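Colleague: I've got the model open on my screen. Can you walk me through it?

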Amino acid sequence: MRGQVTALAPDGSYGQIQAEDQQYYSYWTSEVRNGPVSVGQAVEFRLHEGQPIEIFVAGAPRPPSAPPPVRAATGYAAAQTPAYAGASGGPVNYALSGSGFPPFDYWKTLFLSPNGRISRRQFWLHGVLAIIVVSIVLGWIPIINVLMMFATFWASICISFKRFHDVGYPGWWSLILSVLMFAAPLLMVGSYIADSGALWSLGTMLYAAGVIVFIVQLIFVYLRKGNEGTNRYGPDPLTTPQR
């Protein structure tokens, strides 16, 4: 089967191919047999359980022992093959339901890196729900609860950035809500200390603005389906496997 590389992950570990049947397939770069690839290059490969394997850059020299790629079924037969079977230890797309429990590396990337994209399911089920559960379980333990507060704050920033990226927006836009909700109570407390009605009014205005921003972000980002296919922040999480 022939296709063209349409996207590469920032760390180069995987990419995405648009095949001649117009379907998109994600692949591991370890399957490329004759050198590195770049976006736009034509490749030949075969499908195994919906996953591109034995990928060769078109026109590049092949290793002496490399067999020619076998043309896979196209059209209806190829469409019936699941994009990510996850069989035999292969890649699994945890953005899809029924994909099982993700490994440690998945959680580490999800909560520590603001780069890339995540789907709505990943944001709510793997991100928000996990943060709430951890906060409830560990939030009552002295000292640990303070550490958890900072850890969950950073984790929240990371998943928010990636959710914004998934709909095509800069991740730092998610910080607008944090700034408003952090500044509002500070101004209100300051109004008591300084006995200033102006500070109280400003704090109230910022809090109201924060509520409005939260509703807007909820509707247009957190509940909204992400961009189909690759955008400037990375491949589509719904068509990209994770280890």
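This is a predicted model: local features need pLDDT of at least 70, side-chain atom pairs count only at pLDDT 80 or more; totals for chains, interfaces and linings use all residues.

**Working through the model**

Colleague: What's the relative accessible area of W200?

Modeller: W200 comes out at 37%, so it is partly exposed. Buried means under 20% relative accessible area, exposed means over 50%, and partly exposed is in between (1.4 Å probe, protein chains only).

Colleague: OK, big picture. How many helices and strands are there in the protein chain?

Modeller: The protein chain has 6 helices and 5 strands. Going from the N terminus, the order is β-β-β-β-β-α-α-α-α-α-α. Both are DSSP runs numbered from the N terminus: helices are H or I with at least four residues, strands are E with at least two.

Colleague: And how much of the chain is buried?

Modeller: Buried residues are 39% of the 243 in the protein chain.

Colleague: Let's switch to cores. Which residues have the most contacts inside the largest nonpolar core?

Modeller: Those are W107, L110, F111 and I159, in a core of 15 residues. A nonpolar core is a set of buried Ala, Val, Leu, Ile, Met, Phe, Trp, Tyr and Cys residues joined through side-chain atoms within 4.5 Å. Helix 2, helix 3 (120–138), helix 4 (144–166) and helix 6 (197–222) each put in at least two residues. The largest share, 4 residues, is from helix 2. There's also a second, separate core of 13 residues, with A19, F45, I55 and V57 among them.

Colleague: Which residues in helix 2 are buried?

Modeller: Y106, W107, L110 and F111. Looking down the axis of helix 2, the buried residues fall within an arc of 110°, so they line one face of the helix. That arc uses the directions from the helix axis to the C-beta atoms. Turned away from the buried side of helix 2 are the exposed residues F104 and L112.

Colleague: What do the buried residues of helix 2 pack against?

Modeller: Helix 3 and helix 4. Take F111: beyond residues up to four places away in sequence, its contacts include H126, A130, W154 and I159. Contact here means heavy atoms within 4.5 Å.

Colleague: Now rings. How many aromatic pairs does the count come to?

Modeller: First the rule: rings of Phe, Tyr and Trp (its six-membered ring) pair if their centres lie within 6.5 Å; planes under 30 degrees apart are stacked, over 60 edge-to-face, and the rest tilted. By that rule there are 9 aromatic pairs. One of these is W107 with F111, stacked at 6.1 Å centre to centre and 15° between the planes. W107 and F111 are about one helical turn apart because they sit 4 residues apart in helix 2 (residues 104–112). Y192 and W200 pair edge-to-face, with 5.8 Å between centres and 75° between planes.

Colleague: Is Y192 buried or exposed?

Modeller: Exposed, with a relative accessible area of 66%.

Colleague: Last one: what is S160 in contact with?

Modeller: Leaving aside neighbours within four places in sequence, S160 contacts F123, S174 and Y222. S160 lies in helix 4 and counts as buried at 12% relative accessibility. F123 and Y222 also belong to one aromatic cluster, along with W124, F164, Y169, W172 and W173.

Methods:
Residues are numbered from 1 along each chain as its sequence is written. Side-chain values use heavy atoms; hydrogens and water are left out.
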